[in-house]
Amino acid sequence: MAGTLHFSPDDRCNAFITTCKEAPFSDGTLAGVAVAVKDNISTAGIQTTCGSRILKGYVPPYDAHVVGLLRQAGAAIVGKTNMDEFGMGSTTETSAFGPTRNPADPSRVPGGSSGGSAAAIAAGLVPMALGTDTGGSIRCPAAFCGIVGLKPTYGRVSRYGLIAYANSLEQIGPMARTVEDVSRLMSVIAKYDPRDSTMLDRPYDHRPSADIAGLRVGVPEEYFGEGVDPRVAETVQNAIGVLEGLGASTVPVSIPGMRYALAAYYVICTSEASSNLARFDGVRYGPAVDTRKSWHEAYQDLRQELFGPEVRRRIMLGTFALSAGYAGRYYAKAQVARRNISQDFERALREVDIIAGPTMPTVAFRLGEKTDPLSMYLSDILTVPANLAGIPAISVPCGRVDSLPVGLQLMGRQFEDERVVDVAYAYEQEVKA
Amino acid sequence: MITESDIERIAELADIGISKDEVPEFTTQFNAILDYFEVLDAVEGESAPVVGITNVFREDEPRPCLTQEAAIGNAGSIENGFIKAPRVM
């Protein structure tokens, strides 16, 4: 049943940067399903900007691996969603195309950086979307908008055609209104691709099961401590209580390396970004550089004009963290901290099957509330550990505080994405009933 | 402590243009962030060899690739089928 999907959404939240009014689709497991794609994932023939003026007008000549898989599965790619510029932000306010608003409350941010994908789903414009998660960019907007989002195990989904920000941390992942749809979309995108050499041949082909009797749920004290809104903590504790009601038991666990997680994360991601974003020079793509100027002058002028302040700040931070005399103090220490955190999770996940906590320490911020970069970084404290450890993590809606959605975060062992999906599904089915 | 001249130097290294007006704000923000990064000074343990990871190699065989037209299709300045860049000297 191949055909064309006509798509003209009422996008009052500014969820999309580009929409495809006539979206072709083919036969397959997602035949005719409208799927939105975050604007840092390459789509042949469809503008891909990363939310940045430096890529305005860029039309990729090839598809990302996941986009090819979506097309093969019959999905109709209906548009490219808004995002923090190059994924650098937790609110979608750093986009060069204006902020996205949260459908749950338009005076609030949708979270970020995959805020457009989350808002498009929450507003009912599409049933599912792709996001990317470097330090929480799928889970944060999923929590803030009241939808489901999965950051897969590092190496489970191909990054070929994802415009890189921090390669060692980021993964493409599925977002949807229900756990079942997240699992369906994951089944489509998690297929081996030799073009991503960090990928393992561990395809995901799973139907969620709600049977979690006997499951051991680890509850880390660090996820309920200082900085976490007590009402959010209580909502998540109640959700963990629901899991106990389904036959799971809870076990206190500890991730002592958490106190270094945020600093390690920001050192590593900015270092990788400073290298990755060197390619944006207006020569091969994006608005043209002035070729009459000298090399450095031309690039400096172009990058000052077309990168937003947060991107320039992170490139400069990374350049500094890798520079002679400082790399040992920052980059090398961050790598040790990262390994320690991985080991903390490995140790904890020998005692328990899954780790549960809040996705975000608060509910969605007001638009314009986070003006200071450090205070924005601090809001990522509960999501970055899963990226540092490379483990799967899902956010599933678990109630409201001040009528704003709260997310329950479930983290599992590497390559046990199926289990985090099952636990989220069990919770969702129980509270739905 | 990072000074305003350090910020100008880092911007130069990163090929990121920065205006005079922005330097004080970037300096303040950098110092706040680097103060926070000081927590890493307390990280214990030596960098250990990475385990459980292997190299992925393939034969260096020619494969289909983009046409020249597609490869330069997004470039802002082209001349005779080539991409033009600013002068180096």
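Trainee: Which residue of β8(A) stands opposite T132(A)?

Mentor: T132(A) stands opposite I172(A) in β8(A). Before we go on, this is a predicted model, where local features need pLDDT of at least 70, side-chain atom pairs count only at pLDDT 80 or more, and totals for chains, interfaces and linings use all residues. Residues are numbered from 1 along each chain as its sequence is written, while chains are lettered from A and ligands numbered from 1 in the order in which they are written.

Trainee: Thanks. How many bridges join β6(A) to β8(A)?

Mentor: There are 6 bridges between β6 (128-133) and β8 (171-176) of chain A, and the two strands run antiparallel. Strands here are DSSP runs of E with at least two residues, helices are runs of H or I with at least four, and both are numbered from the N terminus. Two strands pair if DSSP finds at least two bridges between them.

Trainee: What is the strand order in the sheet they belong to?

Mentor: The order is β2-β5-β4-β6-β8-β7-β12-β13-β11-β9-β10 in chain A, an open sheet of 11 strands with mixed pairing. Its edge strands are β2 and β10 (249-253), each pairing on one side only. On average, neighbouring strands are turned by 30° against each other, direction ignored. Those angles come from axes, lines fitted to C-alpha atoms (for helices over the stretch in contact); between N-to-C directions, angles run from 0 to 180 degrees.

Trainee: And β5(A), is it buried or exposed?

Mentor: 6 of the 6 residues of β5(A) are buried, so this strand is largely enclosed by the rest of the structure. Buried means 20 or more other C-beta atoms within 10 Å of the residue's own, exposed means 12 or fewer, and partly exposed is in between, with C-beta atoms placed from the backbone.

Trainee: Which strands does β5(A) pair with, then?

Mentor: β2 (16-19) of chain A is joined to β5(A) by 3 bridges, running antiparallel, and F16(A) stands opposite T81(A) there. β4 (34-38) of chain A pairs with β5(A) in the parallel sense over 5 bridges, with V37(A) opposite K80(A).

Trainee: What do β4(A) and β5(A) make together with helix α1 of chain A?

Mentor: With α1 (65-72), they make a right-handed β-α-β unit. Right-handed means that, with the strands pointing away from the viewer, the path from the first strand over the helix to the second runs clockwise.

Trainee: Let's switch to helices. Which strands does α2(A) lie across?

Mentor: α2(A) lies across β2, β4, β5, β6, β7 (148-151) and β8 of chain A, at about 155° to β6(A). Elsewhere, α5 (230-245) of chain A lies across β9 (216-220), β10, β11 (354-358), β12 (393-401) and β13, at about 115° to β12(A).

Trainee: I marked S117(A). Where is it, and what does it contact?

Mentor: S117(A) is in helix α2 of chain A. It is buried, with 40 other C-beta atoms within 10 Å. Leaving aside neighbours within four places in sequence, S117(A) is in contact with A36(A), K38(A), T81(A), A129(A), L130(A), G131(A) and M175(A). Contact means that the C-beta atoms of two residues, placed from the backbone, lie within 7 Å.

Trainee: Which residue in the loop between β13(A) and α12(A) is worth a look?

Mentor: F415(A) is found there, between β13 (404-411) and α12 (417-432). F415(A) has a positive phi of about 65° although it is not a glycine, and this residue is partly exposed, with 18 other C-beta atoms within 10 Å. In chain B, D15(B) has a positive phi of about 55° and is not a glycine either. D15(B) lies in the loop between α1 and α2 of chain B and is buried, with 20 other C-beta atoms within 10 Å.
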